[in-house]
Amino acid sequence: MRHALGFGFVCGTAARRGQRDSTIGGFGERVTTRMAVQAESLGNKFKIALLQVSVGADKQANLTSARKKIEEARANEAKLVMLPECFNCPYDNKCFPEYAEEVPEVGTKLGDFNPGSTVEMLQKAAAEHSLYVVGGSIPEISEGKVYNTSVSVSPTGTIVAKHRKVHLFDIDVPGGIRFMESEVLSAGNSLTTFDVGGMKIGVAICYDVRFPELSLLLSGQGAQLLCIPGAFNMTTGPAHWELLMRARALDNQMYVAACSPARDPDGSYVAWGHSMVCNPWGMVIAEADETEQIVYAEIDLERLREVRQSIPVTKQKRSDIYAVTVADS
């Protein structure tokens with residue numbers, strides 16, 4: 001089932017006439033979602049780790065560094081780890097086609113895909129250390145197009161989610177930064193969640209977070225944790241990184257985990273860093289500075305339920321007068 005992802009608002013009569021199967025007014029199931037079979041529960045409380053790694057031009061060195069950080073996080077009892085956006089290559093339009101790899105679909109098991117690939121490394125690391133890995137993002141090549149793609153892997157090494165960045169980072173800030181992903185990359189067209197023993201996790205990439213409709217739809221599908229590999233820069237990072245992460249957590253009463261690369265002042269693109277986790281109350285509960293490090297936080301689903309019960313905004317939405325819709329292809 002595939003539907004083109006496009007947002008719109010339904011007002012008044014149209015909302016009242018029953019678009020509940022495709023709108024956030026009714027939290028319908030027609031939204032395109034990439035997800036896999038259910039796995040064992042992480043429990044009501046579990047530790048996550050954000051791996052704020054340094055990224056350079058040497059792809060193999062990047063992969064080796066990422067795998068070591070995964071091992072370190074597991075040794076510190078993390079059950080889910082996340083890598084940053086473009087963790088295997090510099091965040092640079094010139095690099096995306098050069099570093100791009102094929103990425104298999106959801107359900108691909110360890111051993112069924114290209115030896116030596118980034119995806120295989122993620123699968124091996126997840127299986128060896130028996131944890132979930134949200135594999136940041138990497139450049140993906142498919143049918144002549146390049147995507148910014150995140151792969152999530154289960155503790156058995158099976159791919160459970162694949163997200164292609166929906167909103168391409170095309171900005172031009174006078175006196176700040178100009179970057180046009182669309183000059184090289186193509187956009188994805190689907191929402192992404194995966195199930196972990198009854199808990200649902202959503203995935204978005206960097207610029208996706210600026211569009212509240214996307215996280216609203218993921219929340220409407222039941223997401224309790226939103227994982228966002230990102231790479232804000234020295235213009236947008238200080239102004240908007242924390243603000244956006246806290247806003248999405250508060251808007252949707254969910255945990256939001258955002259993982260950035262470490263800052264390299266000599267890189268062609270200088271990342272802000274400051275990987276962080278926000279709770280459903282909209283507060284930052286763990287944060288890095290700009291250097292290479294691992295950020296740990298506890299996800300507490302009882303706390304999430306408490307917040308949603310005490311301020312029940314989901315139940316109070318006025319679907320009789322407004323709704324967020326998903327375009328059907």
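1. Helix H4 is largely enclosed by the rest of the structure, because nine of its 12 residues are buried, where buried means under 20% relative accessible area, exposed over 50% and partly exposed in between, with a 1.4 Å probe and protein chains only. Among the buried residues of H4 are Val 119, Met 121, Leu 122, Ala 125 and His 129. The cover over the buried residues of H4 includes helix H2 (59-75) and the strands S5 (132-134), S6 (138-142), S7 (145-153) and S8 (159-164); helices (H or I, at least four residues) and strands (E, at least two) are DSSP runs, numbered from the N terminus.

2. This is a predicted model, in which local features need pLDDT of at least 70 and side-chain atom pairs count only at pLDDT 80 or more, while totals for chains, interfaces and linings use all residues. Residues are numbered from 1 along each chain as its sequence is written, and side-chain values use heavy atoms, with hydrogens and water left out.

3. The mean pLDDT of the chain is 90, and 88% of its residues reach 70 or more, pLDDT being the predictor's confidence in each residue, from 0 to 100. Over residues 7-38, however, the pLDDT is below 50, although this stretch has 95 contacts in the model beyond near neighbours in sequence, a contact meaning heavy atoms within 4.5 Å. Where pLDDT is low, the predicted coordinates should not be read in detail.

4. The length of H4 (residues 118-129) agrees with expectation: at 1.5 Å a residue, its 12 residues should span 16 Å, and its end C-alpha atoms are 17 Å apart. The expected span is 1.5 Å times one less than the number of residues. H4 is followed by Ser 130, whose phi is positive, near 55°.

5. Strand S7 is likewise largely enclosed by the rest of the structure, since eight of its nine residues are buried. S7 pairs with S6 in the antiparallel sense over five bridges, and five bridges also join S7 to S8, again antiparallel; two strands pair if DSSP finds at least two bridges between them. S5 pairs with S7 as well, antiparallel and over two bridges, and there the bridge partner of Val 134 is Ser 152.

6. In one of them, Glu 128 and Arg 67 have their closest N and O atoms 2.5 Å apart; the pair links distant parts of the chain, with Glu 128 in helix H4 and Arg 67 in helix H2, 61 residues apart. Glu 128 is exposed, at a relative accessible area of 51%, whereas Arg 67 is partly exposed, at 26%.

7. Which residues are linked in a network of salt bridges? The network links Glu 105, Glu 140, Lys 162 and Arg 164, and Arg 164 in S8 also stands opposite Thr 149.

How values were computed: A salt bridge is a side-chain nitrogen of Lys or Arg within 4 Å of a carboxyl oxygen of Asp or Glu.
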